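Please examine the sequence and the three-dimensional structure shown below. The paragraphs that follow lead through selected strands, helices and contacts.

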Amino acid sequence: MLRPVAAAALRDEVTDLLQRLIRVDTTNPPGNETAAAELLRDYLEAAGVECELLARVPERANLVARIPGGDGPSLLLLSHTDVVLADPAAWSVPPFSGELRDGQVWGRGALDMKGQVAASAVAIASLAREGFRPAGDLIFAATADEEVNDGFGLSWLCREHPDAVRCDYAINEGGGDRLELAGGTTVYQATVAEKMSAPFRLLVRGRSGHASIPAIADNALVKAAQLIERLTAYRPEPQLGPEIEGFLRIVLGEVPPPPDAVERVRSVAPGAAGTVEALLAPTFSPTIISASRKQNVIPALCEVEVDCRLLPGQHPEHVEPMIRAVLGGDLEYEIEWLEAHGGTRSPLDTPLWQALEEFVAAAEPGAKAAPLACTGFTDSHWLREAFGTVAYGFFPASGELPTDVLLSLVHSADERVPVADLELGVDWLRSAARSLL
Ligand SMILES: [Zn+2]
């Protein structure tokens with residue numbers, strides 16, 4: 001269990017703020033994040049932090065707040081206020097109740113990510129009250145529309161209000177998971193890069209006909225099934241990027257040849273093996289299929305949508321020849337790439353990484369921070385792309401709830417966060433601001 005490095009005085013403040021944030025229903029769609037932005041503005045202004053609401057449409061405001069500094073480096077505490085749908089029937093408590101039970105705050109968004117919103121707000125507010133004078137700006141941004149990404153949130157801010165969110169460093173969601181290794185060492189994962197989401201559609205052609213006489217037609221759905229088999233059986237050559245190398249060095253004490261990496265990780269941290277496997281190569285997950293609209297008509301066309309994630313730095317043109325080789329030339333199909341996004345990385349030899357390592361070492365003696373790429377997309381991408389920001393995902397978990405439980409609660413029923421995690425998060429964000437600025 002982690003030992004908090006700062007006084008516990010802010011615990012009640014962050015708990016109360018999170019409870020109030022959860023009670024503002026910001027389910028996206030439609031979002032309605034303005035109510036959450038106004039709540040945060042009132043809280044931050046009371047602490048003397050300058051705030052502005054920036055909105056593409058009135059009901060979906062982003063909040064940007066700052067303690068202005070000098071010409072030194074700037075740090076942005078980044079979070080989003082929207083949440084995904086919650087079905088009350090599946091929950092043990094009303095999902096927007098923000099109930100405090102057994103030292104945990106329950107409700108939609110507790111983990112993803114109003115807990116970090118509240119911790120970031122309390123970190124900047126408490127520093128402002130203490131008269132903190134940063135060398136460069138300390139910025140807080142609670143943005144709209146991360147979950148759907150329809151262009152109301154950070155991507156819009158980077159384009160329309162770049163001066164509001166331009167920063168040298170950023171701390172976002174997407175990391176902080178705690179791994180307890182078989183040998184007894186604790187490792188905290190921090191995400192420093194992300195895979196590119198590059199979905200594509202397979203259009204498989206055949207010939208229609210009456211379903212009662214299969215031989216007169218050429219069933220595109222059956223051909224698609226064969227292509228799906230080939231694609232999902234395929235294991236691309238594993239490759240080591242700098243993030244996974246750094247991770248293996250911390251977790252295994254060395255960097256094994258890529259084909260051995262997954263089994264070696266499984267032997268010390270079984271829960272991390274699947275993620276490591278997904279970070280060594282592109283992945284292909286068929287998720288949507290459509291063919292005939294009539295049960296008695298054999299389809300001439302079958303469309304399969306594939307969720308494809310590329311390694312940071314890879315692009316669709318790099319993998320398309322590989323996909324074609326695997327699918328073969330005997331069945332007629334076309335590949336149609338859909339909109340790709342993400343795929344950026346930040347370097348590791350930075351003052352922010354140093355601050356993170358020092359925090360982990362101070363908070364839990366013997367524990368280590370390990371870098372990792374994120375298999376999914378986060379808003380860190382927009383900052384890296386627009387400003388070359390060093391953006392990491394890190395919000396450390398105290399260990400009160402095991403990592404596999406925390407991961408299973410995100411976007412699921414009975415989402416909840418231990419107050420101990422909130423307190424540790426406030427400590428981390430305050431210590432990062434103090435050591436960088
Ligand atoms: Zn999130």
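Predicted model: local features only at pLDDT ≥ 70, side-chain atom pairs only at ≥ 80, totals over all residues.

Residues are numbered from 1 along each chain as its sequence is written, and side-chain values use heavy atoms, with hydrogens and water left out. Helices (H or I, at least four residues) and strands (E, at least two) are DSSP runs, numbered from the N terminus. Axes are lines fitted to C-alpha atoms, for helices over the stretch in contact, and angles run from 0 to 180 degrees between N-to-C directions.

Two strands are taken to pair if DSSP finds at least two bridges between them. Strand β5 (residues 104–106) is joined to β20 by three bridges, and V105 stands opposite V417 in β20.

Helix α1 also meets helix α3 (residues 110–129): their axes come within 9 Å and cross at roughly 135°. The two helices are therefore oblique to each other; angles under 35 degrees count as roughly parallel, over 145 as roughly antiparallel, 65 to 115 as roughly perpendicular and the rest as oblique. The crossing of α1 and α3 is right-handed. A crossing is right-handed if the near helix is turned clockwise from the far one by less than a right angle, and left-handed if anticlockwise. On the α1 side the contact (heavy atoms within 4.5 Å) involves E13, V14, L17, L18, L21 and I22, and on the α3 side A110, K114, G115, V117, A118, A119, A121, V122 and R129. These residues divide into 11 nonpolar, one polar and three charged. In this division Ala, Val, Leu, Ile, Met, Phe, Trp, Tyr, Cys and Pro count as nonpolar, Asp, Glu, Lys and Arg as charged, and the others, Gly among them, as polar.

F247, L248, V251 and L252 of α7 meet A261, R264, V265 and V268 of α8; the contact comprises seven nonpolar residues, no polar residue and one charged residue. Buried residues (under 20% relative accessible area, against over 50% for exposed and in between for partly exposed, with a 1.4 Å probe and protein chains only) in α7 are E243, I244, G246, F247, L248, V251 and L252. They pack against β8 (178–180), β9 (186–194), α8, α9 (273–278) and β18 (368–374). After α7 comes G253, with a positive phi near 80°.

Two of the strands packed against by α7, β9 and β18, are themselves joined by seven bridges and run parallel. In that pairing, P371 of β18 is the bridge partner of A190. Six of the seven residues of β18 are buried, so this strand is largely enclosed by the rest of the structure. The loop between β18 and α12 (380–387) contains F377, which counts as buried because its relative accessibility is 19%. Leaving aside residues up to four places away in sequence, F377 touches E146, N149, E194, R309, H341, G342 and W382.

Strand β7 (residues 169–172) is covered on both faces, with Y169 and I171 buried on one side and A170 and N172 on the other. Three bridges link β7 in parallel to strand β3 (residues 75–80), where L76 stands opposite A170. Strand β7 also pairs in the parallel sense with strand β19 (residues 390–393), over four bridges; there V390 is the bridge partner of Y169.

Finally, strand β1 (residues 50–55) runs antiparallel to strand β2 (residues 61–67), with six bridges between them. L53 has L63 as its bridge partner in β2, and a hairpin of five residues joins β1 to β2.
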